[in-house]
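Biologist: Could you put the model up on the screen, so that we can go through the side-chain pairs and the chain contacts together?

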There are 2 protein chains.
Amino acid sequence: MVASSSQLRVFKMGINTHQEPVVYMRGDCDVCLSEGFAASSRVGISSQGRSIIATLNISSDETVPKGYAGLSDIAIERLGVAQSDLVSVHHAPYIESLSLVRRKVFGHSLLPAEMARIVSDISAHKYSDVEIACFLSACAGGRLGFDEIVALTQAMVNCGQQLDWPGVDRVFDKHCVGGLPGNRTTPLVVSIVSAAGLVMPKTSSRAITSPAGTADTMEALTNVRLGLNEIRRVVRETGACLAWGGAMNLSPADDLLIRIERALDLDGEGQLVASVLSKKIAAGSTHAVIDIPVGETAKVRTPGDADRLASLFTSVGAACGLKVRCIATDGSKPVGAGIGPTEEARDVLAVLQGKRGAPEDLRSRAIMLAGHLFDLADGRGVKEGMVKAERLLQNGSAWGQFKRITEAQGGQRSLGEARFRRPVLCSESGTIVSIDNRRLARVAKLAGAPASSTAGLRLLATVGDRVTKGEPLYELLSDSPGQQDYALAFNDMGPAIFTVKREE
Amino acid sequence: MVASSSQLRVFKMGINTHQEPVVYMRGDCDVCLSEGFAASSRVGISSQGRSIIATLNISSDETVPKGYAGLSDIAIERLGVAQSDLVSVHHAPYIESLSLVRRKVFGHSLLPAEMARIVSDISAHKYSDVEIACFLSACAGGRLGFDEIVALTQAMVNCGQQLDWPGVDRVFDKHCVGGLPGNRTTPLVVSIVSAAGLVMPKTSSRAITSPAGTADTMEALTNVRLGLNEIRRVVRETGACLAWGGAMNLSPADDLLIRIERALDLDGEGQLVASVLSKKIAAGSTHAVIDIPVGETAKVRTPGDADRLASLFTSVGAACGLKVRCIATDGSKPVGAGIGPTEEARDVLAVLQGKRGAPEDLRSRAIMLAGHLFDLADGRGVKEGMVKAERLLQNGSAWGQFKRITEAQGGQRSLGEARFRRPVLCSESGTIVSIDNRRLARVAKLAGAPASSTAGLRLLATVGDRVTKGEPLYELLSDSPGQQDYALAFNDMGPAIFTVKREE
């Protein structure tokens with residue numbers, strides 16, 4: 001509904017407001033006066049058939065010339081306009097679906113059609129950041145029922161691109177719900193199972209609240225920004241890919257939600273299931289294995305929580321036509337030694353190449369997950385699947401397959417090194433009895449991961465190791481002195497990340 | 001915790017970002033590079049002992065000069081800096097209380113000390129808008145327990161200014177939870193009970209989600225922006241005042257919360273109780289009557305909801321040392337004929353002056369509420385209190401007292417007139433059986449209320465009236481053609497605001 005509108009010319013503000021379009025208008029401008037706009041209201045802007053909703057900031061006379069409306073980068077991009085183009089500015093249409101969000105906040109359940117309207121409006125960029133934050137908070141903490149999660153999943157699939165794989169019966173996928181720093185099994189599992197001929201076109205996300213997502217790690221090793229046609233070609237050539245899913249518009253609403261989830265460091269259960277499954281379904285998968293690490297400081301804290309989440313994944317998957325198997329794994333300590341995109345890539349390469357000193361825990365987790373995928377495919381049991389996976393890793397087939405995949409994606413990159421390295425020392429002697437995954441992950445994030453690919457840390461000791469006072473526990477890696485200082489300050493503040501029990 | 005910092009000069013952007021400070025930094029600026037800042041991260045800015053947290057927008061080279069950091073209006077105001085002053089820019093301190101907000105989102109209860117830390121950080125402007133939205137959404141919909149509401153109330157009181165009234169034993173107050181357009185009894189009740197000698201230093205808020213709050217309405221009639229000393233003087237002189245509470249920093253966290261509540265059109269129960277009672281307690285009140293209108297399209301929809309809310313108000317009040325009496329009233333239709341600040345003020349004056357045609361429903365509600373306050377004060381029963389209230393209104397005492405109050409606040413203003421008036425016609429003949437308060441309020445808001453004082457509407461027919469097709473139902477009042485068109489478009493869209501039942 002556009003009730004009235006007035007023309008202004010575009011003034012490029014040169015301001016990056018991320019995914020929330022902002023328009024900067026003079027308080028004395030005719031349109032502001034005649035339309036009665038006030039700071040922080042939402043306004044509609046249209047040009048040549050395209051229109052967006054933007055948040056209004058009132059500007060002074062010096063900032064925006066008379067007769068112009070200043071636009072932030074994303075507003076210009078989404079409207080497809082250039083400096084001095086004419087745009088019409090009007091009251092934002094009333095977004096009816098926001099009343100459904102309020103119903104949800106107040107504890108009412110959403111019907112599938114209602115969920116679809118909300119998700120469709122979000123993916124059409126009609127919600128402001130605070131409105132998205134409200135929706136996410138209302139859905140987090142177990143507040144989405146089964147039917148709502150199914151509806152959210154389907155709605156997210158429906159409003160984006162969907163892949164299909166003509167001529168392929170079964171398409172395999174795997175996922176880890178995260179919360180465990182360094183648990184980078186995906187590149188290993190994809191290499192192993194596709195070496196055996198299973199089709200596994202893996203699209204991964206970037207980190208939400210962790211120091212690295214699989215896409216971040218793979219980007220340290222090769223090009224992951226593949227378009228749909230490139231993905232089809234890579235999968236045709238190799239039976240697999242290791243790409244970033246975000247470039248493909250597979251679940252555009254999810255991408256918008258994830259940015260606010262990240263700002264809030266919030267990752268709700270129903271939201272998580274819908275986010276993961278919508279991308280799998282949109283990617284055309286038919287079978288998926290999901291790794292759920294369980295530990296006091298992992299994302300999932302108790303076996304009971306893991307069971308509930310597993311049953312949600314399996315049942316929502318079934319309702320959406322996707323066969324899901326969940327596996328609860330040890331989430332009590334980090335996996336491998338590297339944390340952060342580049343350092344995790346280093347561990348992955350070491351396992352694939354069978355290097356001495358390659359992290360055994362990472363290797364055995366990958367073999368176990370690959371074993372489950374083989375069992376899903378041929379029903380010969382997990383044990384036989386694991387033997388097969390072990391063999392493909394040992395005889396170099398998986399490493400060869402990984403090289404084929406990265407070659408097809410644009411060639412393998414050599415890994416960089418962080419500019420600043422600093423050992424963090426143990427403050428007392430004894431045995432390490434636990435590591436706080438969350439605080440360790442936060443150190444890696446404050447050091448700059450994942451935005452800085454080489455930032456993060458490398459563990460030099462883990463749970464069960466005996467350590468001596470003054471011995472390094474990990475090496476902190478960063479690309480700016482500010483981030484290094486900030487991460488070290490966090491390490492020194494609050495509860496210890498490594499719990500060391502003194503010898504009796 | 002400030003881990004490191006770097007100096008830049010202030011560049012005034014001339015942009016009003018409301019209460020969320022924004023800093024605009026060049027992507028190539030040394031500080032951005034060395035600190036590893038990215039768009040939408042939160043950064044700390046300090047100058048001469050003051051410091052703020054701001055949201056970062058990355059700007060192009062043309063927008064901000066090299067060596068400068070652009071600051072929005074509120075950032076400049078809160079830092080107390082001028083163009084070209086040096087500021088140091090650093091990573092935002094980690095706000096530990098945000099992890100408590102996440103615990104709340106995930107369904108855990110907050111302890112009093114935890115609630116106090118959150119509220120204290122909010123009132124210190126440490127939360128971004130999306131973080132405040134998350135907190136509000138996590139608390140809305142009945143998700144605050146009794147102890148949490150008490151803790152929230154106390155925390156809001158503690159982080160602001162508190163009034164006391166030396167030599168006065170009992171301080172009276174009243175409040176309406178809203179949801180009923182035109183229900184502007186406060187100026188009447190204050191005039192009546194203070195005419196009888198009760199002390200009633202009334203501080204009111206502006207509209208949250210309605211077309212007018214009492215402060216908006218009173219501002220059409222007199223100056224409401226009183227400082228603490230002025231309030232003391234007015235109360236000393238007249239026994240009462242009718243001021244805006246927001247200028248007094250009575251509950252600064254609440255003011256920050258209310259802005260986001262308004263953007264989200266969200267007004268949760270626990271939040272509501274804490275917001276109302278914190279301001280009463282901070283204002284030094286000892287006794288309060290709370291009007292809870294109940295109706296299908298009022299804020300409170302069923303008698304059961306009203307009972308629950310009443311019991312919450314009473315028990316939380318008792319826990320905080322405030323005697324509260326709640327009264328459920330008819331919330332099925334608007335009160336009076338005017339909706340919007342100036343039009344509601346017109347109705348208030350008509351009742352005080354005993355004008356023919358003054359809205360009888362508004363008058364009788366005020367008498368009833370004043371009767372309850374008299375009963376709270378002397379225990380002689382509500383009936384006798386109402387007789388007393390009726391007399392004070394009829395004999396001109398209340399009107400005289402209202403004039404004394406407005407005189408002491410700076411003199412009475414004459415009411416303005418809206419620039420654009422448009423009758424909205426009935427589309428069929430019959431009897432009006434109901435009015436949708438929410439949609440009617442939205443029409444008044446879209447017409448410009450409360451930002452435009454004269455905007456809103458004047459009802460020409462109400463529930464029970466017989467109407468003929470083509471007859472005007474109400475007159476729409478606005479100060480800009482854009483707002484008029486927008487309000488009319490909303491009136492025409494969706495379900496009818498007036499339900500007219502045809503004659504059989």
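Modeller: What follows is a walk through a predicted model, taken topic by topic.

Biologist: Let's start with the rings; how many aromatic pairs are there over all chains?

Modeller: The count comes to 8 aromatic pairs over all chains. In one of them the rings of A:Y474 and A:F498 have their centres 6.0 Å apart and their planes at 15 degrees, so this pair is stacked. A:Y474 belongs to strand β18 of chain A and A:F498 to strand β19 of chain A, so the pair ties together parts that are 24 residues apart in sequence.

Biologist: And are A:Y474 and A:F498 buried or exposed?

Modeller: A:Y474 is buried, and A:F498 is buried as well. Another aromatic pair, B:F11 with B:Y68, is edge-to-face, with 6.3 Å from centre to centre and 80 degrees between the planes. That pair links distant parts of the chain, since B:F11 is in strand β1 of chain B and B:Y68 in strand β6 of chain B, 57 residues apart. B:F11 is partly exposed, with a relative accessible area of 21%, and B:Y68 is partly exposed with a relative accessible area of 21%.

Biologist: Which charged side chain lies over the face of A:W244?

Modeller: That is A:R206, which lies at 4.4 Å from the ring centre of A:W244. In chain B, B:K388 lies over the face of B:F374, at 4.4 Å from the ring centre.

Biologist: Switching to salt bridges, how many are there over all chains?

Modeller: There are 58 salt bridges over all chains. One of them joins A:R365 and A:D291, whose closest N and O atoms are 4.0 Å apart. A:R365 sits in helix α14 of chain A and A:D291 in strand β11 of chain A, so the pair ties together parts that are 74 residues apart in sequence. Both A:R365 and A:D291 are buried.

Biologist: What about A:D330, which partner does it have, and how exposed is A:D330?

Modeller: A:D330 forms a salt bridge with A:K333, with the closest N and O atoms 3.6 Å apart. A:D330 counts as partly exposed at 39% relative accessibility, and A:K333 is partly exposed with a relative accessible area of 26%.

Biologist: Where in chain B are B:R421 and B:E475?

Modeller: The side chains of B:R421 and B:E475 meet in a salt bridge, at 3.2 Å from N to O. The pair links distant parts of the chain, with B:R421 in strand β14 of chain B and B:E475 in strand β18 of chain B, 54 residues apart. B:R421 counts as partly exposed at 38% relative accessibility, and B:E475 is partly exposed with a relative accessible area of 21%. In chain A, salt bridges that share partners join A:E343, A:R346, A:D347, A:E417, A:R421, A:R458 and A:E475 into one network.

How values were computed: Residues numbered from 1 in each chain as written. Chains lettered and ligands numbered in written order. Predicted model: local features only at pLDDT ≥ 70, side-chain atom pairs only at ≥ 80, totals over all residues. Heavy atoms only, no water. Phe/Tyr/Trp six-rings, centres within 6.5 Å; stacked < 30°, edge-to-face > 60°. Helix = DSSP H or I, 4+ residues; strand = E, 2+ residues; numbered from the N terminus. Buried < 20%, exposed > 50% of the residue type's maximum accessible area, 1.4 Å probe, protein only. Lys NZ or Arg CZ within 6 Å of the ring centre and 35° of its normal.
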